[in-house]
Each structure stands twice: as C-alpha cells, then as structure tokens.
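Subject: Structure for your review

Dear colleague,

Please find below the structure that I am handing over to you.

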Amino acid sequence: MKNESICPRTKFCPVFKRKIISEATGKEYRKDYCLVETNFPSCKRYQSFLASGLKTPRYILPDSSLPVEEIVEEAKKFAAHNTQAAS
Ligand code: SF4
C-alpha cells in the first residue's frame with residue numbers, strides 16, 4: 001500500500017536525499033514540502049514532474065520562482081542533452 005501522505009518522488013528526488021543542498025536546507029524542505037501531505041503538491045519539482053514525466057533539473061528547488069511551464073522546458077532540454085550524451 002502506498003503512503004500518500006508524503007511526496008511519491010522522495011525515492012528519486014535529489015532535494016529529498018539532500019544530494020544538492022546542505023543538510024540544514026534539506027531538512028527545511030523536507031519539513032515544509034516533502035513530508036507534508038497538503039504541501040508537497042505545491043512543490044515546483046513535483047509539479048514539473050507531473051506535467052512532463054521527465055526528471056526535473058537538479059537546480060530547481062521546491063519553492064522556485066520559475067513557472068512550471070518554464071521548468072518543463074528546462075527538463076526537456078536536460079533530457080535531450082542526456083540522450084545525446086548517452087549516444
Ligand atoms: S522536493 Fe518536491 S519533488 Fe522532491 S521529494 Fe520533496 S516534495 Fe517531492
């Protein structure tokens with residue numbers, strides 16, 4: 001059974017895993033977004049993933065000021081670049 005009270009992207013998200021931010025900042029984001037059922041849907045990383053199905057660029061944070069459409073465009077460029085790099 002899925003735990004729907006936390007963000008379903010936690011397993012994959014570099015922000016949640018604190019790979020790209022400090023321990024203290026990661027703790028704040030987890031508390032403010034990732035682990036809060038009513039808040040994770042407003043995370044820009046989550047919204048971008050829902051809109052595109054693509055990995056969100058690592059530098060996008062949950063409270064990014066960029067509109068989701070722009071983040072999706074960045075995600076598409078990122079995916080295209082990675083496809084080229086892998087071929
Ligand atoms: S940062 Fe956003 S996408 Fe990542 S786990 Fe937290 S709520 Fe989910």
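The model is a predicted one, in which local features need pLDDT of at least 70, side-chain atom pairs count only at pLDDT 80 or more, and totals for chains, interfaces and linings use all residues. Residue numbers start from 1 along each chain, as its sequence is written.

Overall fold

The protein chain contains three helices and zero strands; helices (H or I, at least four residues) and strands (E, at least two) are DSSP runs, numbered from the N terminus. The radius of gyration of the protein chain is 13 Å, close to the 12 Å given by the globule rule for 87 residues, so the chain is as compact as a globular protein of that length. This radius is taken over C-alpha atoms, and the globule rule is 2.2 Å times the number of residues to the power 0.38. Of the 87 residues, 24% count as buried. A residue is buried if 20 or more other C-beta atoms, placed from the backbone, lie within 10 Å of its own, exposed if 12 or fewer, and partly exposed in between.

Surroundings of the ligand

There are 14 residues around the ligand, of which Cys7, Cys13, Phe16, Cys34 and Cys43 come nearest; a residue is counted as near if its C-beta atom, placed from the backbone, lies within 6 Å. Helix 1 (23–34) and helix 2 (44–52) each supply at least two residues of this shell, and the largest share, three residues, comes from helix 1.

Helix 2 has as its buried residues Lys44, Arg45, Tyr46, Ser48 and Phe49. After helix 2 comes Gly53, with a positive phi near 75°.

Two individual residues

Ile60 lies in the loop between helix 2 and helix 3 (68–86). Ile60 is buried because 21 other C-beta atoms lie within 10 Å. Setting aside neighbours within four places in sequence, Ile60 is in contact (C-beta atoms, placed from the backbone, within 7 Å) with Lys44, Arg45, Ser48 and Ile71.

Ile6, in the segment before helix 1, is partly exposed, with 16 other C-beta atoms within 10 Å. Beyond its neighbours within four places in sequence, Ile6 contacts Cys34, Leu35 and Phe40. Ile6 and His81 are 75 residues apart in sequence, and their C-alpha atoms are 31 Å apart in space.

Yours sincerely

How values were computed. Contact = placed C-beta atoms within 7 Å.
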